[in-house]
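User: I would like to go through the packing and the pockets of this model. Could you begin with the term we need for the interior?

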Amino acid sequence: MRHDGGCHCGAIRLSYESDIPPEETEVRACLCSFCRKHTSRAVSDPAGRLTVILRDPAALRRYSFGLRTADYLICARCGVYLAAMMAEGEALYGIAILNALDAAERFSRPPQPADYSAEDATARRRRRRARWTPAEVVQDG
């Protein structure tokens, strides 16, 4: 199943693909200060695919904090937080932020609180490689 979405102004689009029905997909609510301030809920599927489509590449802003193991993708024009991505060599892994998906309401499981504050950089990267979705960023414009 493919779930499309994007930012408010249309400069950045998302495509999240997963064979897991949205009603059965685990939804996580990270407890870090960044995610709490955005009230973000995230989904991922290691067997799926996440594509970030840049209609206006200049609108993409990457924000990194803490251990600096991932980039948080934000539209510079409208401010929407869309996804987070981690690079491992040539590979990218990511999570889709439900608030940015067009049919977010289909992901109906209650968000599970997720506290990753005890992880060091190695543990965080290992968890993301195992749980996050293979990802890519493409330009369309």
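Analyst: A nonpolar core is a set of buried Ala, Val, Leu, Ile, Met, Phe, Trp, Tyr and Cys residues joined through side-chain atoms within 4.5 Å. Please note that this is a predicted model.

User: Which residues touch the most other members of the largest nonpolar core?

Analyst: They are Ile12, Leu14, Leu50 and Leu82, in a core of 24 residues. Strand 2 (12-17), strand 5 (49-54), strand 7 (71-75) and strand 8 (81-88) each give two or more residues to this core. A second, separate core has 16 residues, including Ala42, Ala70, Tyr81 and Tyr93.

User: What is Leu50 in contact with, leaving aside neighbours within four places in sequence?

Analyst: Its contacts include Leu14, Tyr16, Ala83, Met85, Ile95 and Pro134.

User: And strand 5, how many of its residues are buried?

Analyst: In strand 5, 5 of the 6 residues are buried.

User: Which way does strand 5 pair with strand 2, parallel or antiparallel?

Analyst: The two are antiparallel, with 6 bridges, and Glu17 stands opposite Arg49 of strand 5. Strand 5 also runs parallel to strand 11 (residues 133-139), joined by 5 bridges; there Val52 stands opposite Val137.

User: Changing topic: how much space lies in the largest pocket?

Analyst: The largest pocket holds about 410 Å³. It is lined by 27 residues, of which Cys30, Cys32, Tyr72, Tyr116 and Arg128 are the closest to its centre.

User: Which element gives the most to that lining?

Analyst: Helix 2 does, with 4 residues.

User: How does the lining divide into nonpolar, polar and charged residues?

Analyst: The lining of the largest pocket has 15 nonpolar, 5 polar and 7 charged residues.

Conventions. Residues are numbered from 1 along each chain as its sequence is written. This is a predicted model: local features need pLDDT of at least 70, side-chain atom pairs count only at pLDDT 80 or more; totals for chains, interfaces and linings use all residues. Side-chain values use heavy atoms; hydrogens and water are left out. Buried means under 20% relative accessible area, exposed over 50%, partly exposed in between (1.4 Å probe, protein chains only). Contact means heavy atoms within 4.5 Å. Two strands pair if DSSP finds at least two bridges between them. On a 1 Å grid over the protein atoms alone, a cavity is a set of points where a 1.4 Å probe fits but cannot get out, and a pocket is an open set with protein on both sides within 12 Å along at least five of seven lines; lining residues have an atom within 4 Å of a point. Grid points are joined across faces, edges and corners, and a volume is the space filled by probe spheres set on the points. Ala, Val, Leu, Ile, Met, Phe, Trp, Tyr, Cys and Pro count as nonpolar, Asp, Glu, Lys and Arg as charged, and the others, Gly among them, as polar.
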